[in-house]
Each structure stands twice: as structure tokens, then as C-alpha cells.
Amino acid sequence: MGCAGSKGPPARPADVKGVRPPAPEPQPTIPRVKLVLLGDSGVGKSCLVLRYVRRQFDPQSQVTVGAAFMSHSVHLPDGSTVKFEIWDTAGQERYASLAPLYYRGAAAAAIVYDITNPDSFQKAKHWVGELKKNAGDNIVIVLVGNKSDLVENRVISIEDGEELASQHSMLFAETSAKTAAGVSTVFELIAQKFASPAASGPAEARPPAASSSPAESV
Amino acid sequence: MVSPTKPGPRVSGDFEALLSQAHSRSSSEVVGPGDEQCSVVDASELESVPGSEGAATEQGPGPAVQLLEQAATAAEEGRNEDSEVWRQQRKHLFVLTHSGKPVYSLHGDENALAGLMAVMDALISFMKDQGDSLQSVRAGRHIIVFLERGPLYLVAAAATGEPVSVLHLQLHLLHSQILCILTDGFQKVLTRNARFDTRRLLGGVDGILEALHTSFEVDPSAFLVAFAPLRMPALLRRSLLLALQTAVREGGALYGVLLAGSKVAALSQGASRPLHPHDLLALGAFVRGSPSFQAAETFSPVCLPHFNPSAFLHAYVHYAHKDAKVCLLLLSTQPDSFMRLADAARRFRAEVNDSGALQAAARSGLQAGEGQVSISSLPALAGGGEPGMTPLLHFLYKHPGRSQFVLATWDALAARGRLPQDVVPHYARIHAAVFRKDEEFREPQPSPLRVYYHSTDEYAAIAYASAEYELYALFDPLAQKLAIVQICQRLCAWVKGSQQDLFVPM
């Protein structure tokens, strides 16, 4: 397991007892953004998240089972902070029926495809359709073409990606989890949407267990 | 299902000959030398069986050449039955659908094995057409065992020396593991639509099925119907257990399990629905075979076939100690309970960190053999001593009341060049003999033997079975019977005296 060697408990750096529920903390209202990653299996969703959250890349990354949860705070240049609650879902077909569990109530979604794999682009289109239909109007969607380092094997051009994104008014970025190119851009693009007070509306979208954290509805 | 009352017909013969002849369809008989009861499978009949038309040699000359080339490449890469590496595997496990479509093969590539699977389908269908069912085939050193489950056929071919009853059980557990990943919903789809490709649903599960196979090789959980507890100080385990019970209550979970590698450190379960040891086995393989759980907190659907084969539970999975593979599982019926479970898990971690219980579990899990009982640490009268200084080579003790077992470390056997995978099948045979499961399909079940003794060049094997305990032990073949019996008595007394540390309280 290439991911070994990472130190300490993985998720939630502030892993000290019961930090979450009590609201009266120094920074009272950091917007929490529930972000869900969707896409075909093997496009590199987990690698993107691990590259961003832990600055690691594991070429032998293992297939995700279920959905992995990680949280991460982004500090934007303008001084504001956004806390991501990231659901990295498994791309396998058998989990497709569980996806609504994760995208329902999500403030943002990243639909990932592999620029060297046309099937994964088709799958991305499928996810766009499903989100447009079921996920509510306020969800911020970013389309991500991953593996941009594999230039020789590219099948899906930047233009194809941009076109799909603009058709459905999504954000667009190409990334390489391997070289880290463009990875933080994706998350910052989303974060900016939620950092400004004007966009606080969608940030109210809640994680699946809304009941357990009613205190955070800002 | 097959009718257990009538003994299944045995098609006997040399395994390789059986495969190659049936495959190439050049000869009309697959009869091996020296067998009592053989059915003759005629190649022309094979061809008439529906679902067997996938074999390579039936194509016209053009595509046939292509297919032969493909097969040759697959053989070179060890993916199909023509490869030497593939043939030399001690055990094969296959899953195919009623229509002969490959679903899974432990070794090689199920796509490259489509022809072989078609042959298996033909053999099974042939017997079914006769109103009978194919149970097992003995072929040289190999035993081939067949099991039908819903729209799936499961086949094991083993040269491990494990008895038919054990291989049969392993196929059953392989099926359970597939249910653990998918529930039985796909079987309804497959029954309705025979062309449905089950492999699409099983992407990325090879690791899980391989973890299950590994557990068959090195640990007796399957045939003992018991699980292996982690050995740790009783006081610290108590605080682990209390914290786990609190987490289960606060998280609204049904079950809480703390695994340390392949051992169970603590278990919290309702008295009304205790976890079946085979569900625990499936859960363990699911966790060990999914390395992605080590990367982050995960929420995953998982089905426990004994609990309910048609429904998913939702499991919160998190490694509390990565190096020692200490992994917390909280299982809930609620699909939206992640945050609640994660909060409960966080408090659990804080508590067991403070009490030192987590570190104790990790220490034990990191020891050689994950804290199994080392023979050198036993009292001398109970057979303790360094390898070569004591006639006791290995033992296995089952606590039937708690469905748990304790295993000795393997060092004395390793000193004699024996690996766990050589010894576990030996225990499987002893167990089958004691419980008289090897006389296939005999009913009603006779009561087990109280004492069993058997001596070979390699070991003297002894087994005691009672309602309170089962002891299976291997001794030096030159050891005196009286000494063996005395050591066994002391050993049982020692285990009873240490049971607070050895077993998980239920």
C-alpha cells in the first residue's frame, strides 16, 4: 500500500475530542462545503483528492470501496477560509445506485474523466445528466479532465471538455494528480464560489446526516 | 440444490487428461485409470449440451487460428489453462453462470478461461439433464467439487488434500463473499436475463476474494465456524469493549467490530442477533482485501449473508492504527448515518487512546503471528519449549461456547519446513474425521468422536471434542502416547486458566 507512511489519523486534522458540535469557536462561521466526486472507475478521483489534501500521489492507488470521506480547509488569497467535506465515491457500477446518497444535499460536485479514455467522458456526460436532473439547481459543478500528463494518449481534447462544460454551465479544469498540475485550481475554483457572502446560499446544503449537525446551518 | 440423500456420481480420471480431452473434443472418453464408479462423458454429448458452444475449436479455420494465437499468448502470460504456472496452482476456484459465462477465477484471467468454463458448464448440465447433480470428481491428486447457488455454479479444483466437505464449504463461503459485496439482488437479474454480465458488477473485487482464499489457506475459521480473537490483557480489552459498546450505542449502530489484522480484538453485538462467525469471516476478508480503507474514513455498503442476504448494512470503516492494521467497523442499517457514526468513532478513538487499550491491541497485533500463542512461552508440562525440545509441534483450541479458537504460532513446524498452508488442510481432515463429515452426504449426522488419534511419518495428530472445548494438536511422530495425553490435559488447563486474555468476551 503506497499510501502507508502518512502520519497520524487521516481525516480531520483537528481530530481532538468533540471539536465539531460546539459553535462558539474563535472563527465562528467557516462555510462548510460538501463536495462530491463522481466519475468512472479508474479516472483518478481518489488520486486527485489525496494529491490535494495530503500532497501525495500513489501510482498503485487502490480501487475505492464505498465512499471515502475527507475534510480539508482552504485558505483563499483574500483571507477567507472554506472547509471542504469531500466525498470521494467509488466509480464501480455496483455503487451507482448509492450515488444520490452523496450528491443529494451536496453544495458542489466534481465530475472527473480521464482524457485518455473516451468511455470515461461518456460516463461524465451521464453524471452531468443525472446531477442536472436530481441534484437541485444550486449545485456548483466542475468538470475535470484528469491525467493531463499523458499527452501522447490524449483522446478528449480540451475543447471537447470546455464545450461540454459550457453547455451545462459548469466550471472546467484539466488536472494531473501525478504532477499536481491544476489540482489546487479545481478546489479553489469551487471554494471561491462559497467564500463570498453572496454565495452563502448553496453552502447551506447539508451532509447526509443532517440530523447530527443542525448547529452548523449558517 | 443438490439432493444430499443420494451420493453424487463421481466422474473420475486424470485431471489434465479430463481438461484437455474435453476441451479439444478429440476423444470420446474421459475415464481415468483405477476408479470404481465412473461416468463416461462423451464428447458428442458435450457438444449437444446448450451453453457449451464457446470452445475455441468449434470455430471455422480463420477465426480458429486467431483464437489459437490468443490462447497461446494467454498461456504465456499465465492467464489460461495451457499455462504451466496456472496448472501448478494448488487450488483453483471458479464461478460461472448457468449459461456458462465466466464470472471469476482465482488464478489466471476468467476471460481467457471461457473455454474451460464452458466445459464445466457442459459437465454440470449433462448431469442435470440426467436428473442428477454433479458433486465431486476425483482426478489423480485433484478433487474437483461443484456447487450450485441460484443462477451461479461454483467449482473448486484442489490438490491441497482438503476433504470434499471442506472444499464444498469454501465454495459456499466464496458465494457468501460475493453476496457480501453485491447482496443477492443480482441473482434475480441474472435468473431473468442469462446474458447479464455479472463481471461488470464485480469490478475491483479480486483483492477481497483473494483475501478470503488466503484465509482458507492459513486459518481454520471456515471449517471450525469460529473466529480468531486477538490475545491481549483482559483489563485493557475490557476498556476497549466498553468504549466500543458506547460507540455502537451513540452511533445507533447494530454491530461494532474492532479488527487487528486477521484477529478480532473486540466485538459489540446485540444478544438477539449475534454475528455469525462466517459473516465475520466475510467482513474480515472484505476489509483486508480493500486497501483503500487505509487511506481515509470510509462509508461502504456491505451485506452479511447470515444476517440478511438481500439487504445492505452500511459500514463505517476506519483504521485506528495503520501499522498494526487495527480497524474499527460500525455497522448500521441507516444509509445516512455516517456523520453520527464518525462522531461516535472519534470519541471511541480518544477514549481508547487515553486508556492505552488501543496501543495494547496494536502491540499484540504487531507481534509475530498477531499475538498467537507461542509454544515456547507455554509451561513445560503443557508442552512448552523451544522447537526440538518439546514433542508438541502445534495446536488449535476451539471454545465452542464463544465460537472462537486459539492457534499456536507456526515456528516449530516452520523449523521442520512445514508451512501453515500445509498444516491447515491437515487440521481440516482431522476435523472432518472427528465430525465424520468426510463420508459425504450421509444422514443423519452421526455424533462426533470424543477422541481421535492418528499417526503418520510427519505427525502424531490427536483431537478431543466435547461441548466445552475442542483440542486439535500435532506432535512429533516419535512421542509416547502417554506423554501426548498428559500434555494435552495440561494444555487444556492452561488455556482455561488464560482464557480472559485469550478470548473476546461475548
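**A loop residue and its surroundings**

Analyst: The residue to start from is A:K147, which sits in the loop between β5 (140-146) and α4 of chain A. The model is a predicted one, and everything below should be read as a description of that prediction. A:K147 is not a glycine, yet its phi is positive, at about 70 degrees. Its relative accessible area is 22%, so A:K147 is classed as partly exposed. The limit for buried is under 20% and the limit for exposed is over 50%, which means that a value of 22% falls in the class between them.

What does the side chain of A:K147 meet? It makes a polar contact of 3.2 Å with the side chain of A:D114. A:D114 belongs to strand β4 (residues 108-114) of chain A. With a relative accessible area of 5%, A:D114 is under the 20% limit and therefore counts as buried.

The loop of A:K147 leads on to helix α4, which covers residues 158-167 of chain A and contains A:E163. A:E163 has 47% relative accessibility, so this glutamate is partly exposed. A:E163 is also one of the residues of a negative surface patch, together with A:E159, A:D160 and A:E162.

Which side chain of opposite charge is nearest to A:R51? It is that of A:D149, at 9.3 Å. A salt bridge needs a nitrogen and a carboxyl oxygen within 4 Å, and A:R51, though buried, has no salt bridge. Its side chain does reach a backbone atom: the oxygen of A:K178, at 2.8 Å.

As a whole, chain A has five helices and six strands. Along the sequence they follow one another in the pattern β-α-β-β-α-β-α-β-α-β-α. Chain A has 218 residues, of which 53% count as buried.

Chain B also holds a residue with a positive phi. B:T183, not a glycine, has a phi of about 65 degrees. Its place is the loop between α6 and α7 (185-192) of chain B. Its relative accessibility is 7%, so B:T183 counts as buried.

Over all chains, the count of salt bridges comes to 13. One of them joins the side chains of B:E162 and B:K91, with N and O 3.0 Å apart. This pair connects distant parts of the chain, 71 residues apart: B:E162 is in the loop between β5 (152-158) and α6 (164-182) of chain B, and B:K91 is in strand β1 (residues 91-97) of chain B. B:E162 has a relative accessible area of 4% and is therefore buried. For B:K91 the value is 4%, so B:K91 is buried as well.

A salt bridge is also formed by B:E148 and B:K128, whose closest N and O atoms are 2.9 Å apart. B:E148 is in strand β4 (residues 142-149) of chain B and B:K128 is in helix α5 (residues 114-129) of chain B, so the bridge ties together parts 20 residues apart in sequence. B:K128 has a relative accessible area of 35% and is therefore partly exposed.

A further pair is B:D476 and B:R416, whose side chains meet in a salt bridge of 2.5 Å, N to O. Both ends lie in loops of chain B: B:D476 between β15 (470-475) and α16 (481-497), B:R416 between α14 and α15 (420-434), so parts 60 residues apart in sequence are tied together. B:D476, at 17% relative accessibility, counts as buried, whereas B:R416, at 40%, counts as partly exposed.

B:F223 is in helix α9 (residues 221-224) and counts as buried because its relative accessibility is 7%. The C-alpha atoms of B:F223 and B:R429 are separated by 10.0 Å, and the two residues are 206 residues apart along the chain.

Terms used:
Residues are numbered from 1 along each chain as its sequence is written. Chains are lettered from A and ligands numbered from 1 in the order in which they are written. This is a predicted model: local features need pLDDT of at least 70, side-chain atom pairs count only at pLDDT 80 or more; totals for chains, interfaces and linings use all residues. Side-chain values use heavy atoms; hydrogens and water are left out. Patches are made of residues with over 30% relative accessible area and no salt bridge: like charges are joined within 9 Å, nonpolar side chains (Val, Leu, Ile, Met, Phe, Trp, Tyr) within 5 Å. Accessible areas come from the Shrake-Rupley method with a 1.4 Å probe; for residues, only the protein chains shown count as cover. Lys and Arg count as positive and Asp and Glu as negative; His and the chain ends are not counted. The place of a charge is taken as NZ of Lys, CZ of Arg, CG of Asp or CD of Glu. Helices (H or I, at least four residues) and strands (E, at least two) are DSSP runs, numbered from the N terminus. Buried means under 20% relative accessible area, exposed over 50%, partly exposed in between (1.4 Å probe, protein chains only). A polar contact is a pair of N or O atoms within 3.5 Å; within protein, one must be able to donate a hydrogen and the other to accept it, and residues adjacent in sequence count only if both atoms are side-chain atoms.
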